[in-house]
Amino acid sequence: MKKIALLLIRYNMIWLVVIVEKGRLYIIRNYGTENSFPANGIKGLQWDNQHKFLWIATEAGISRFNGYVFKNFTRGNTAFIQTERIGFMVKNIKGEIFVADHDHNILTVKENKLNPYHLQEVNKANTAAHTF
């Protein structure tokens with residue numbers, strides 16, 4: 001049995017398309033603000049390989065999607081988010097997900113949670129690693 005699952009972004013909306021060839025099952029879902037998605041303007045997508053969630057950066061906050069429900073992170077429910085206007089989302093070679101907002105704040109995803117990114121911690125780690 002051949003199974004295909006696609007996640008498409010088109011016209012600032014998320015579409016989930018599932019096709020099962022032999023069983024002839026076709027599921028097409030359109031996700032937008034009417035499905036608790038914070039905004040239709042998407043700034044970035046990253047898959048969390050460790051916890052199997054899709055992280056989505058939008059113009060109105062950050063969302064975590066488990067395939068059924070969106071968990072939204074906004075100023076209203078996350079104290080360290082200073083602005084909900086997200087600029088971009090990236091993943092480094094180690095699989096770490098980083099988010100930058102329009103006020104130049106950096107957030108990161110760790111242990112399936114959104115966290116503020118503190119540059120001081122990185123500088124301390126680099127200094128300690130180079131101390132002889």
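**A tour of the aromatic rings**

Begin by selecting F98, which is buried, with a relative accessible area of 18%. The value falls under 20%, the limit for a buried residue. Please note that the model on display is predicted.

Y117 is partly exposed, with a relative accessible area of 27%. How are the rings of F98 and Y117 arranged? They form an edge-to-face aromatic pair, with 5.2 Å from centre to centre and 90° between the planes.

A search of the whole structure finds three aromatic pairs. For another of them, select W55 and F73. The ring centres of W55 and F73 are 5.6 Å apart and the planes meet at 25°, so this pair is stacked. W55 is found in strand 5 (residues 53-58) and F73 in strand 7 (residues 70-73). Are W55 and F73 buried or exposed? Both W55 and F73 are buried.

Keep F73 in view and select K71. This lysine lies over the face of F73, at 5.3 Å from the ring centre.

Finally, select F53 together with R64. Here R64 is placed over the face of F53, and the distance to the ring centre is 4.8 Å.

Terms used
Residues numbered from 1 in each chain as written. Predicted model: local features only at pLDDT ≥ 70, side-chain atom pairs only at ≥ 80, totals over all residues. Heavy atoms only, no water. Phe/Tyr/Trp six-rings, centres within 6.5 Å; stacked < 30°, edge-to-face > 60°. Helix = DSSP H or I, 4+ residues; strand = E, 2+ residues; numbered from the N terminus. Buried < 20%, exposed > 50% of the residue type's maximum accessible area, 1.4 Å probe, protein only. Lys NZ or Arg CZ within 6 Å of the ring centre and 35° of its normal.
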